[in-house]
Amino acid sequence: MKIAIRLDDITPDMNWSKFERFKNLLDKYNIKALLGVVPENRDTKLMINIPRRDFWEYIKELEDDGWTIAMHGYRHEYTTRDGGLLPLNRNSEFAGLSFRHQYMKIRSGKIILERNGITTDLFMAPSHSYDLNTIKALKKNGFVGITDGFGNAPYMWQDIVFYPISFKRSAALKSQKEGCVTFVVHTNTMTDKDFDAYEKLFASREIVSYSEVLKIKPVIVDDRFRFKEKMMASTKYYIRETLRIASSVKRKLRTVSKKRS
């Protein structure tokens, strides 16, 4: 199984030291990743550094150097609690909104990118959350691909191509199947342990540039495939939430125990 890399939350005010550290690691192994660029960031959690003045020029340089650009939402503002068609999370910038509302958001984001010299037909939904109105609005705005879904090869559904992310990294690393899967990376929150793990991964596995993923011919899937995918995402969400709650309860119990002692 080949592996490609996708970097989320690319903004002028992101954690630049961590991004550059990870980019240097990618450069070392000649890997060109997919960059999810937020056209107009309004998410305070992503506002870490002073905005880089030459941000758009820098992104254009990366694109010219072979990196792939996707539009990562519009403002990265969560407006609903709708998990959408791939409910890995329960918040969304798009899912649950009307077609017209979503169309205008996507159009506005695309205009900002193009005004700054970036043209892309790939979309990356914040929190992986989108619905049928999102897909319809994307197609109306000239987008042909979404970087999401599960599997080891691109697939077409609703006349748009999905480029899958990994459902479970450990399973992808063990798989002997042919194909390619994408690992999602958020450099803003990476730790030294994360950097070390990726260093070992890049040194030991075949990691391809994202442009190679785009060359793979997509297979056509039906609604049954998408239903199965939705159930997988829901299961993963509930397992993660159960573990989070259990961990929170343990912390509270430890705190109570310390106070009593």
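At roughly what angle do the axes of helix 1 and helix 6 cross? I began with this pair, keeping in mind that I am reading a predicted model.

**Entry 1, helix 1 and helix 6**

I looked up helix 1, residues 16–28, against helix 6, residues 192–204, and found that their axes come within 10 Å and cross at roughly 10°. Angles under 35 degrees count as roughly parallel, so I noted helix 1 as roughly parallel to helix 6. I recorded the crossing of helix 1 and helix 6 as right-handed. For the contact itself I listed K18, R21, F22, L25, L26 and K28 on the helix 1 side, which meet D192, F195, Y198, E199 and F202 in helix 6. When I sorted the residues of this contact by class, I had 6 nonpolar and 5 charged, with no polar residue.

I turned next to helix 3, residues 99–115, and helix 4, residues 132–140, which pack at an angle of about 45° with their axes 9 Å apart. From helix 3 the contact takes F99, Q102, Y103 and I106, while helix 4 supplies N133, T134, K136, A137, L138 and K140. By class, I found the contact of helix 3 with helix 4 to hold 5 nonpolar, 3 polar and 2 charged residues.

I then asked how much space lies in the largest pocket, and the value I noted is about 850 Å³. Its lining has 32 residues, and those that lie nearest the centre of the largest pocket are N89, S127, H128, H186 and R240. The elements that give two or more residues to this lining are strand 1 (2–10), strand 8 (180–185) and helix 8 (223–260), and helix 8 gives the largest share, 4 residues. I counted the classes of the lining of the largest pocket as 9 nonpolar, 11 polar and 12 charged.

For the second largest pocket I wrote down about 460 Å³ of space. This pocket is lined by 21 residues, of which F150, G151, N152, K177 and M232 are the closest to its centre. Helix 5 (169–174) and helix 8 are the elements that give two or more residues to the lining of the second largest pocket, with the largest share, 4 residues, coming from helix 8. I noted 13 nonpolar, 4 polar and 4 charged residues in the lining of the second largest pocket.

How values were computed:
Residues are numbered from 1 along each chain as its sequence is written. This is a predicted model: local features need pLDDT of at least 70, side-chain atom pairs count only at pLDDT 80 or more; totals for chains, interfaces and linings use all residues. Side-chain values use heavy atoms; hydrogens and water are left out. On a 1 Å grid over the protein atoms alone, a cavity is a set of points where a 1.4 Å probe fits but cannot get out, and a pocket is an open set with protein on both sides within 12 Å along at least five of seven lines; lining residues have an atom within 4 Å of a point. Grid points are joined across faces, edges and corners, and a volume is the space filled by probe spheres set on the points. Ala, Val, Leu, Ile, Met, Phe, Trp, Tyr, Cys and Pro count as nonpolar, Asp, Glu, Lys and Arg as charged, and the others, Gly among them, as polar. Axes are lines fitted to C-alpha atoms, for helices over the stretch in contact, and angles run from 0 to 180 degrees between N-to-C directions. Angles under 35 degrees count as roughly parallel, over 145 as roughly antiparallel, 65 to 115 as roughly perpendicular and the rest as oblique. A crossing is left-handed if the near helix is turned anticlockwise from the far one by less than a right angle, and right-handed if clockwise. Contact means heavy atoms within 4.5 Å.
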